[in-house]
Amino acid sequence: MKGLVLKDLMCLRKQLIIFGYVVVGVLVLSVMFVLSARFGNIAMANQAMVATEDLSASDIADLSTNVLILFMLLPLATVGDFANVFTEDGKAGFFNVSSILPVSIKNRVLAKYVTIFAMFGIGAFIDIIIAFVLSMLTDIISFTDFLGIITSATSVMAIYSALVIVFCFLFGYGKEDYARLISPFLMLVTAISLNFSNIRKSITAGDIELINRCMNFIKHKSYVLLLIAVFVMVVSYFVSVRIAERKRGIV
């Protein structure tokens with residue numbers, strides 16, 4: 001199974017190269033943003049907006065937090081497209097030889113999920129390092145809040161990837177784009193259905209209230225998303241194994 005994991009990682013080598021560039025870019029830009037927000041042009045612009053009452057100090061702090069959050073999401077986003085593994089397998093004709101490997105279907109499917117953990121583990125680890133550096137340079141957002149954001153983002157991306165794997169197995173080679181589209185749509189519909197009443201109240205109260213609720217949940221209740229991600233990945237693994245057993249030769 002180790003060989004299958006390495007094979008999947010090699011299929012994602014372009015994403016890993018992009019990931020490396022993104023990490024360097026995010027680190028440089030985020031540090032520049034934080035320093036400018038404390039000592040440079042952004043700090044002077046913020047003071048001017050507060051003086052003219054265009055924005056309040058809390059509005060500026062919220063805006064700066066959102067900017068840093070977007071920076072932190074970029075490394076995870078670059079390793080999130082796991083459908084490329086199935087695309088590369090199809091191009092290489094791996095499905096034609098996978099059935100003769102001395103590895104059970106369960107372990108072949110498990111290799112896909114191990115790859116997910118490896119990719120997002122790398123992304124989360126790098127994000128934590130960046131968060132630690134930024135937390136030492138600014139008081140805009142604490143390291144604890146950074147950890148909550150990273151955990152939430154990793155959990156959401158893990159759920160997305162787990163669903164992509166299921167749909168890639170279900171649809172087969174050449175239908176990876178359908179898996180990419182259906183997975184986030186299913187996640188969005190499920191999230192709205194489970195929180196419809198809260199969303200309606202927040203929309204009635206105003207857009208800012210909705211954004212604040214979402215941000216508080218992401219920062220302080222990331223463990224909920226983590227538990228959901230673990231549950232979805234476990235269920236999707238068994239569903240994927242079932243599909244693979246019924247459709248022999250697809251993995």
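Is helix H8 mostly covered or mostly exposed, and how many of its 29 residues are buried? In this predicted model, H8 is mostly covered, with 22 of its 29 residues buried. The helix reaches 42 Å from its first C-alpha to its last, close to the 42 Å expected at 1.5 Å a residue. Just after H8, Gly 172 adopts a positive phi of about 90°.

Of the 251 residues in the protein, 42% are buried. Among contacts between residues at least 6 apart in sequence, 80% join residues at least 24 apart. The protein exposes about 13900 Å², and carbon and sulfur atoms supply 70% of this area.

A pair of aromatic rings is described by the distance of the centres and the angle of the planes. The count for the model comes to 5 aromatic pairs. One of them joins Phe 167 and Phe 171, whose ring centres lie 5.7 Å apart with 15° between the planes. This pair is stacked, because its angle falls under the cut-off of 30 degrees.

Why might these two rings be found together? The sequence positions give part of the picture: Phe 167 and Phe 171 are 4 residues apart in helix H8, which covers residues 143-171, and so are separated by about one helical turn. An α-helix has 3.6 residues a turn, so residues three or four places apart point the same way. The two partners do differ in their cover. Phe 167 is buried, with a relative accessible area of 14%, whereas Phe 171 is partly exposed at 30%.

Phe 171 also takes part in a pair with Tyr 178. Here the ring centres are 6.5 Å apart and the planes stand at 75°, so the pair is edge-to-face. Tyr 178 is itself partly exposed, with a relative accessible area of 49%. Phe 171 thus has a stacked partner in Phe 167 and an edge-to-face partner in Tyr 178.

Aromatic residues also come together in another group: ring pairs link Tyr 113, Tyr 237 and Phe 238 into a cluster.

Methods:
Residues numbered from 1 in each chain as written. Predicted model: local features only at pLDDT ≥ 70, side-chain atom pairs only at ≥ 80, totals over all residues. Heavy atoms only, no water. Phe/Tyr/Trp six-rings, centres within 6.5 Å; stacked < 30°, edge-to-face > 60°. Helix = DSSP H or I, 4+ residues; strand = E, 2+ residues; numbered from the N terminus. Buried < 20%, exposed > 50% of the residue type's maximum accessible area, 1.4 Å probe, protein only. Contact = heavy atoms within 4.5 Å. Areas by Shrake-Rupley, 256 points an atom, 1.4 Å probe, with all protein chains shown as cover. Expected span 1.5 Å × (residues − 1).
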